[in-house]
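These are my notebook entries on one structure. I set down each term when it is needed, and then what I looked up.

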Amino acid sequence: MLKYIYAEDLKTQPKLADTMFRHRALQFRDRLKWESVTVDENGHERDEYDAMNPLYVIWQNADGTHGGSMRVLPTTGQTMVNDHFLHLTNGVPIISPFIWESTRFCLAPGATPKIAGALMLAGMEIGLRFHLDHAVGVFDARMVRVYRYHGWAPTVVGTEGAGRDAISVGLWEFSEDVRARLAEKAGISLALSEHWFEQSFGSARVMAQSA
Amino acid sequence: MQTKMERFLELLSDVRDYQDVQKVVEATRDLYGIEHVVYHSKSGAGEHSVAFTYAQNWADRYVEKDYVRIDPVVQGCYERFHPVDWKQVDWSSKTVRQFHREALEGGVGRQGFSVPIRGPHGQFAMFSISDNCSDDQWARYTDEHVRDMILVGHYLNQKVLELGSADGPAEGQQALSPREIDVLTLLGLGYSRAQAAESLNISEHTLRVYIDTARFKLGAANTTHAVAKALVRGLITV
């Protein structure tokens, strides 16, 4: 299932959090060999942005472990793109209430393409329901194929490195049509996706218990 | 005809001090035909700025009782960043229900919507609107105004940052980058988005994002307004 969870609430999900940060170490340090990543004594890959109470989108497996995840931050606060990748955005700091940043897209070992699709669907839900215009993200070359396969490829603004080592900054646009396509490909009904979203953020449709 | 957002920005441009922020908050209430508007920010150094339209006795009681600790809207928004309809927060515990009764008596209103705002250097703010209309009316109102409310909250916050808290003026955010200047210049010269994108050798999508970022820095209601503001400030020449 999909979970949307702020960093400060991860303590209520220790197994999920532990496996997510371990899988990030596997992906970003061991597989991609990104030089900038640091892994702590618990085997967790964490950076300064994890300490800024980001919102995580996490696919939780039936056994409670992490299946895949990404990290979301608003661009009016500090972001990775603006701190470290201005050379890939033509020097333009991306700051807008209607643009959020997505980074650290990570898949657990053996994750199915459907999990990647579910995470993308979650990104789409966030954009549409929180009234955003664009997402900006940092991703490695291997991800381009994944995004394309699911039918929601970013516009690449800038790329550094080449081949498998390439890192890009890209932009996504939110749309209802693409949302339906993503859901279909991920094998998740729109109703279920909505349910997961409201489980995490609450529903504005039902009047809460009051006085 | 001037849009509400354009009018709001005009009012905001006259703000010189915190008393003016209070006046703009009151004017926003009238402009958007809503019962209450509240802005509250906390700088990275922990300084608070507050402006609201609530009755003073409710505000005093809120402070006296330290209700910020149990207010579920504040608890649900603090250090977060997604907009929240007050129906989405948890009002179920006994203390919170008691707080809710008092808030209704204090005239806060049974409907509300809050926009948490994350500024630079750990700054945080909350912008809220509230009213007493029916659920249906509220759903229609928020559908229609949510984008304006997100922007109003952020622009108000930009202004408060400019007024100079410990975080200092948001100068870094105000300066347009050379690429943004290029984009606005070409649009000011009458280029279409497609033509401007082609001239700058960037995609139209990237161009749209640069328009968005420039618009936010300039405090503009839309693209035309952003070009006009950049011209007036001498940031571009056409």
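**Entry 1: terms for helices and strands**

I take helices (H or I, at least four residues) and strands (E, at least two) as DSSP runs, numbered from the N terminus. I note that this is a predicted model, in which local features need pLDDT of at least 70, side-chain atom pairs count only at pLDDT 80 or more, and totals for chains, interfaces and linings use all residues. Residues are numbered from 1 along each chain as its sequence is written, chains are lettered from A and ligands numbered from 1 in the order in which they are written, and side-chain values use heavy atoms, with hydrogens and water left out.

**Entry 2: helix α8 of chain B and what follows**

I looked at the end of α8(B) and found that G190(B) follows this helix with a positive phi, near 95 degrees. L189(B) has its place in the loop between α8 (178-188) and α9 (193-200) of chain B.

For burial I use these limits: buried means under 20% relative accessible area, exposed over 50%, and partly exposed in between (1.4 Å probe, protein chains only). Which residues of α8(B) are buried? I list E180(B), V183(B), L184(B), T185(B), L186(B) and L187(B). Their cover includes α9, α10 (204-218) and α11 (223-232) of chain B, where contact means heavy atoms within 4.5 Å.

**Entry 3: a nonpolar patch**

I then returned to L189(B), which forms a nonpolar surface patch of about 350 Å² together with Y191(B), L231(B) and V238(B). Patches are made of residues with over 30% relative accessible area and no salt bridge; like charges are joined within 9 Å, and nonpolar side chains (Val, Leu, Ile, Met, Phe, Trp, Tyr) within 5 Å. Accessible areas come from the Shrake-Rupley method with a 1.4 Å probe, and for residues only the protein chains shown count as cover.

**Entry 4: salt bridges**

I count a salt bridge when a side-chain nitrogen of Lys or Arg is within 4 Å of a carboxyl oxygen of Asp or Glu. How many are there over all chains? By this rule I note 28 salt bridges.

In chain A, D18(A) and R22(A) form a salt bridge, with their closest N and O atoms 3.1 Å apart. The two residues are 4 apart in helix α1 of chain A, and therefore about one helical turn separates them. D18(A) is partly exposed at 26% relative accessibility, and R22(A) is partly exposed at 40%.

In chain B, D20(B) and K23(B) form a salt bridge at 3.4 Å between the closest N and O atoms. They lie 3 residues apart in helix α2 (residues 18-31) of chain B, so about one helical turn separates them. Is D20(B) buried or exposed? D20(B) counts as buried at 15% relative accessibility, whereas K23(B) counts as exposed at 53%.

R147(B) is partly exposed, with a relative accessible area of 31%, and D133(A) is partly exposed at 23%.

A network of salt bridges links R24(A), E45(A), D47(A), D50(A), R71(A) and R104(A).

**Entry 5: positive phi in chain A**

R104(A) is found in strand β4 (residues 99-107) of chain A. Its phi is positive, about 55 degrees, although R104(A) is not a glycine. R104(A) is buried, with a relative accessible area of 6%.

N53(A) likewise has a positive phi, near 45 degrees, and is a residue other than glycine. N53(A) lies in the loop between α1 (14-31) and β2 (55-60) of chain A and is buried at 9% relative accessible area.

**Entry 6: the sheet of chain B**

Two strands pair if DSSP finds at least two bridges between them. In chain B I find an open sheet of 5 strands in the order β2-β1-β5-β4-β3, with antiparallel pairing. The edge strands, each pairing on one side only, are β2 (48-52) and β3 (84-85) of chain B. Strand β1 (residues 36-42) of chain B pairs with β2(B) in the antiparallel sense over 5 bridges, and H40(B) stands opposite V50(B) in β2(B).
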